[in-house]
Amino acid sequence: MKVLKINHLNLPAIALEDIPAWLDEQGVAFNAIDTVNWQEYPYRPEAAFRIVATDKGFVSNYRVDEESVAAVADGDCGHVWEDSCVEFFSSPTDDGTYYNVECNCAGTVLVAAGKDRNARTFAPAEVLQSIQRWSSLGRENFSERPCEGPWQVVLLVPYSVYFQHDIKSVEGMTIRANFYKCGDNLKTPHFLSWNPIAVANPDFHRPEHFGAIEC
């Protein structure tokens, strides 16, 4: 099981598009999302994430270089996993509930909670609206097209994203988690993870195969 120790930082009052440079200045390294768990989907685009904690929430930054990109999902909680998508699944407690925060390359998100992949509960509108997003590709939808170099997204995710729990701070917590890169409906579908997933078919809803982030 992979374990990642993350930093607690004070986020300055800067524009979202300046956060990658700020993370560079803070020496926050990227972590590869590069595990091919299912050999029938061998394509491995270059994908990586970095994440820090603040007093109000997580700051995450993804960087991806792939053959093609798409952002078709129409609004939050749409089928973002079918687009060029990065994902953060996490269990903040040991009660069996985990959350999925999924984001396509245009900053459209999906957030839900539950104990397995079935009967999941979507986050309330106010939670979705509280997630600040920036994409180097802009925020408008577009059909699949060739990727012309790496793209990035930045997410400011308040702890209220854990909407079935009451979490004001993650300091001192160990959160079970995994990070993913997928594109179910792209010309070349792929399903990459940070921590390996030992099941027969593509399935990210596997909390038993989460790694851990130490906050």
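There are eight salt bridges in this structure, a salt bridge being a side-chain nitrogen of Lys or Arg within 4 Å of a carboxyl oxygen of Asp or Glu. Before you click: this is a predicted model, where local features need pLDDT of at least 70, side-chain atom pairs count only at pLDDT 80 or more, and totals for chains, interfaces and linings use all residues. Residues are numbered from 1 along each chain as its sequence is written, and side-chain values use heavy atoms, with hydrogens and water left out.

**Stop one: aspartate 24 and arginine 50.** Select both side chains and you'll find a salt bridge whose closest N and O atoms are 2.8 Å apart. This pair links distant parts of the chain, 26 residues apart: aspartate 24 sits in helix H1 (residues 19-25) and arginine 50 in strand E4. Helices (H or I, at least four residues) and strands (E, at least two) are DSSP runs, numbered from the N terminus. Is arginine 50 buried or exposed? Arginine 50 is buried, with a relative accessible area of 2%; buried means under 20% relative accessible area, exposed over 50%, and partly exposed in between (1.4 Å probe, protein chains only).

**Stop two: glutamate 66 and lysine 181.** Next, pick this salt bridge, with its closest N and O atoms 3.0 Å apart. Glutamate 66 is in the loop between strand E5 (57-65) and strand E6 (68-71), while lysine 181 is in strand E14 (residues 174-182), so the pair ties together parts 115 residues apart in sequence. Glutamate 66 is buried at 5% relative accessible area, and lysine 181 is buried too, at 0%.

**Stop three: aspartate 203 and arginine 117.** Show these two side chains: they meet in a salt bridge at 2.6 Å, N to O. Aspartate 203 lies in the loop between strand E15 (191-193) and strand E16 (211-214), and arginine 117 in the loop between strand E9 (109-114) and strand E10 (121-122), so parts 86 residues apart in sequence are tied together. Aspartate 203 counts as buried at 12% relative accessibility, whereas arginine 117, at 46%, counts as partly exposed.

Switch to cartoon and look for five strands forming an open sheet, in the order E2-E4-E5-E13-E11, with antiparallel pairing. Strand E2 (31-32) and strand E11 (132-135) are the edge strands, each pairing on one side only. Two strands pair if DSSP finds at least two bridges between them; E2 and strand E4 (residues 46-53) pair in the antiparallel sense over two bridges. Zoom in on alanine 32 and you'll see it opposite alanine 48 in E4.
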